[in-house]
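User: I would like to learn how to read a helix and a sheet in a model. Please start with the terms I need.

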Amino acid sequence: MREHRQAARIAVIMGVSGSGKTTIGRAVARRLGWLFQEGDALHPPENIAKMKAGHPLDDQDRAPWLAAIAARIDEWRGRGECGVVTCSALKRRYREVVIGDRPDVRLVYLEGSQQLIGERMASRRDHFMPASLLDSQFAALEPPAPDEHAIAVSVDMPVADTVAQIAAALLPRDTMPDHATLAG
């Protein structure tokens with residue numbers, strides 16, 4: 001997709017629903033002192049209603065959502081800001097919309113077994129995405145190819161370890177903020 005010739009300024013945290021995108025994304029943003037955007041907040045109301053009703057989104061449903069995420073990324077880039085955005089980005093063509101040829105945007109793939117993620121989804125409250133859609137998420141998932149240069153991290157370890165691994169991969173050690181913590 002693109003070569004990484006400069007340090008990451010924006011991270012797109014991807015994975016199936018229930019993989020921990022929001023929890024991990026917020027913690028990475030806090031640790032690095034970057035902005036955070038919950039990608040689900042950029043869904044049009046029709047998409048939320050469709051998922052709440054137990055229906056998976058199709059590519060037509062996703063198009064305005066992916067465009068909104070790409071616009072947020074471009075907004076941050078235009079202002080010279082660093083940020084973390086969450087987005088399931090299950091298919092390569094979706095990742096091409098939100099990352100494209102932006103060399104300062106890095107993909108972070110949260111990978112985990114369907115069993116582990118299903119257990120997490122079953123215990124989750126107040127989320128629009130029902131556990132019944134997990135099968136469709138895994139069916140649609142196209143793990144990042146080597147040329148996408150994703151940071152792949154297993155979600156079967158403690159959140160603090162996952163966050164530390166991602167932060168270390170996003171920034172060279174000498175650029176990590178001294179005040180960085182995993183609080184939160």
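Analyst: A residue counts as buried when its relative accessible area is under 20%, and as exposed when that area is over 50%. Keep in mind that this is a predicted model.

User: Which residues of helix H2 are buried?

Analyst: The general idea comes first. An α-helix has 3.6 residues a turn, so residues three or four places apart point the same way. Here, helix H2 covers residues 45–52, and Asn 47, Ile 48 and Met 51 are buried in it. They lie on the same side of H2, because their arc around the axis is only 100°. Pro 45, Glu 46 and Lys 52, on the other side of H2, are exposed.

User: What do the buried residues of H2 pack against?

Analyst: They pack against H3. Just after H2, Gly 54 has a positive phi of about 90°.

User: How do I read a strand? Which way do the residues of E3 point?

Analyst: In a regular strand the side chains alternate between the two faces of the sheet. Strand E3 spans residues 83–86; Gly 83 and Val 85 point one way, Val 84 and Thr 86 point the other way, and all are buried.

User: Which strands pair with E3, and in which sense?

Analyst: Strands of a sheet pair through backbone hydrogen bonds, either parallel or antiparallel. Strand E1 (residues 10–14) runs parallel to E3 and is joined to E3 by 4 bridges. Within that pairing, Val 12 has Val 85 as its bridge partner. Strand E2 (residues 35–37) also pairs with E3 in the parallel sense, over 3 bridges; there, Leu 35 has Gly 83 as its bridge partner.

User: What is the order of the strands in the sheet?

Analyst: The sheet is open, has 5 strands with parallel pairing, and reads E2-E3-E1-E4-E5. E2 and strand E5 (151–154) stand at the edges with a single partner strand each, so one side of each has no neighbour in the sheet. On average, neighbouring strands of this sheet are turned by 20° against each other, direction ignored.

User: How many bridges join E1 to E4?

Analyst: There are 5 bridges between E1 and strand E4 (residues 105–111), and the two run parallel. Val 12 stands opposite Leu 107 in E4.

User: Which helices lie on the sheet, and at what angles?

Analyst: Among them is helix H3 (residues 59–79), which lies across E1, E2, E3 and E4 and runs at about 180° to E3. Helix H7 (residues 159–170) packs on the sheet too, touching E1, E4 and E5, with its direction at about 170° to that of E5.

Key: Residues are numbered from 1 along each chain as its sequence is written. This is a predicted model: local features need pLDDT of at least 70, side-chain atom pairs count only at pLDDT 80 or more; totals for chains, interfaces and linings use all residues. Side-chain values use heavy atoms; hydrogens and water are left out. Buried means under 20% relative accessible area, exposed over 50%, partly exposed in between (1.4 Å probe, protein chains only). Two strands pair if DSSP finds at least two bridges between them. Axes are lines fitted to C-alpha atoms, for helices over the stretch in contact, and angles run from 0 to 180 degrees between N-to-C directions. Contact means heavy atoms within 4.5 Å. The arc is that of the directions from the helix axis to the C-beta atoms.
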